[in-house]
Number of protein chains: 2
Amino acid sequence: MANPKSVGPTRIPCEQCPLRRRLNFRDFSPEELAFIQSLKVGELQAEAGMSIMREGEQNPQLYTVLAGWGFRYKILEDGRRQILNYVLPGDLVGLQGNVMREMQHSVEALTKMTLCMFERDKLPVLFQTHPSLAFDITWLAAREESMLDEHLLSIGRRSARERAAYLLAFLDSRIRATSDAPPEKSFALPLTQQHVADTLGLSLVHTNKTLRTLADQGLIRWLDRGCEVLDAQRLYRVAEWRPPVEGRRPFI
Amino acid sequence: MANPKSVGPTRIPCEQCPLRRRLNFRDFSPEELAFIQSLKVGELQAEAGMSIMREGEQNPQLYTVLAGWGFRYKILEDGRRQILNYVLPGDLVGLQGNVMREMQHSVEALTKMTLCMFERDKLPVLFQTHPSLAFDITWLAAREESMLDEHLLSIGRRSARERAAYLLAFLDSRIRATSDAPPEKSFALPLTQQHVADTLGLSLVHTNKTLRTLADQGLIRWLDRGCEVLDAQRLYRVAEWRPPVEGRRPFI
DNA sequence: CGTATGCTTGACCCCTGTCAAGTTTGGTGG
DNA sequence: CCACCAAACTTGACAGGGGTCAAGCATACG
């Protein structure tokens, strides 16, 4: 929850961006790359637990996640917290505060993160000169909306067990989508059970018991501060959910 | 739930669009208006209960709501339904299916609706030639995301009573935002308790009992197939929520 | 007037929350 | 290397919010 941020100078030119080399990101023209490069004003390193932006903030920075995990959340006055979604490499952070008056949610780093920082005042220029990139931003917004729809269905209508299965399957499929690793590789989702509880709208205790039954049945393994999905197929069946078949995705 | 749709020819030119005359919609240049007019291919009239679009549909039409209410929803195989959000005049419907592969949710008319139908293949042209309108679409997407965030907070972390208060206050504030009527006018929200239940993630019976206590305390009045908000201020306090202070909004 | 849709209410129970201890793990400093 | 500590994970007991079942009522409509 600490606030300090370290702002570094531009390190990596966009042509060498590690994300761009991955198979699932769409190709950009040299001209597009040069323009994106001109927007970039630096990089932000955030340690796990650090606040990236806060609800109510006016004109926050616009970032793309280069590495690490974070999450978006809102809190009620008495401290009840709802995690809205997770941000992974390639995701755009802070668009809302650039389009609307102020941020309506906060963002916190879940692991050590690297974010690419953009000059926020240039968003209108992007729309005026690079329609393809403008469309990409809309694509990202539509995708976020689609994820939120699924979360709503989950929290509103699924049982605790189904919800947990859905969330872990969802995150497992997302981490795979941002990686070129082979499908048999397993990943550790960098969460605590408190994060799971705050995402699913459950109490910590009941979340623990629910995860335990999933673990006892061999669907997942709970590690310290993390979770490993052992049988994604069965998780899908429990949650009655299919991961999206995303083609090559854009990012800015 | 019926499917038939009646597609009429273009009736109203965009310059005379009834929405456009309202105070809270932003001004458009004559050139922008002419372009929007060129996208319009007709109007859709939908009776209450009719399906506007279905989950899984490929390349659905793109609409703007001109009149009436509808809702977006998803259903699980066993029939559990989650209402994701409501669509009111000025809202864009079907963007997701135009940006991504297919629709991830369904849309149904809650009242008699009139929708403005656009030529969907021209969305890329819009981005290429009218950056201001492209930005408007992104604005609408960011606003939708913001509403979904609030719904998630509500379903995930608020009690039944708080949720109901939030939903009714939210819808009351939305209907006021699309109307030029004076603040003292009261509106009937065109819902059944089943819709409220499916939005809040509650059972019908418990929804009924919750609404009853709100009515007994003079916060709302439940009508036949509808609800009237009597004391918005107290609803806000119960839900610990403030309506957004929207300035003039765009629409296509 | 009969029928369908939507609203109400009561009884009962279960899923999930709360409370209250533990236990395990990793990090830190002596 | 060990002792200590904090954070995170577990577990059991108990309670309550909300679900389910089962009627009954009321209003609209043909």
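## Basis of the model

This is a predicted model, in which local features need pLDDT of at least 70 and side-chain atom pairs count only at pLDDT 80 or more, while totals for chains, interfaces and linings use all residues. Residues are numbered from 1 along each chain as its sequence is written, chains are lettered from A and ligands numbered from 1 in the order in which they are written, and side-chain values use heavy atoms, with hydrogens and water left out.

## Domains of chain A

The domain assignment divides chain A into domain 1 (6-132) and domain 2 (149-239); such bounds come from an automatic or database domain assignment. Taken over C-alpha atoms, the centres of domain 1 and domain 2 of chain A are separated by 25 Å. In the contact between them, 17 residues of domain 1 of chain A face 19 residues of domain 2 of chain A, where contact means heavy atoms within 4.5 Å.

## Packing of helix 5 and helix 7

In chain A, helix 5 (residues 160-177) packs with helix 7 (residues 204-216) at an angle of about 70 degrees, and their axes are 10 Å apart. Helix 5 of chain A is therefore roughly perpendicular to helix 7 of chain A, a term for angles of 65 to 115 degrees. Axes are lines fitted to C-alpha atoms, for helices over the stretch in contact, and angles run from 0 to 180 degrees between N-to-C directions. Helices are DSSP runs (H or I, at least four residues), numbered from the N terminus.

On the helix 5 side of chain A, Ala160(A), Arg161(A), Ala164(A), Ala165(A) and Leu168(A) take part in the contact, and they meet His206(A), Thr210(A), Leu211(A), Thr213(A) and Leu214(A) in helix 7 of chain A. These residues divide into six nonpolar, three polar and one charged. In this scheme Ala, Val, Leu, Ile, Met, Phe, Trp, Tyr, Cys and Pro count as nonpolar, Asp, Glu, Lys and Arg as charged, and the others, Gly among them, as polar.

## Surface near DNA strand D

A residue is near a strand if one of its heavy atoms lies within 4 Å of it. Helix 7 of chain A and helix 7 (204-216) of chain B each supply at least two residues of the surface near DNA strand D, and the largest share, four residues, comes from helix 7 of chain A. Five nonpolar, seven polar and four charged residues make up this surface.

Sugar and phosphate account for 70% of the atoms of DNA strand D within 4 Å of the protein.

## Surface near DNA strand C

DNA strand C is surrounded by 16 residues, the closest being Ser203(A), Gln193(B), Asn208(B), Arg212(B) and Arg225(B). Helix 7 of chain B gives the largest share of the surface near DNA strand C, four residues.

An N or O atom in the side chain of Asn208(B) is 2.9 Å from a phosphate oxygen of DNA strand C, whereas Ala160(A) places a backbone N or O atom 3.3 Å from a phosphate oxygen of DNA strand C. A base nitrogen of DNA strand C lies 3.3 Å from a polar side-chain atom of Lys209(B).

How values were computed:
Parallel < 35°, antiparallel > 145°, perpendicular 65-115°, else oblique. Polar contact = N/O pair within 3.5 Å; in protein donor to acceptor, adjacent residues only side chain to side chain.
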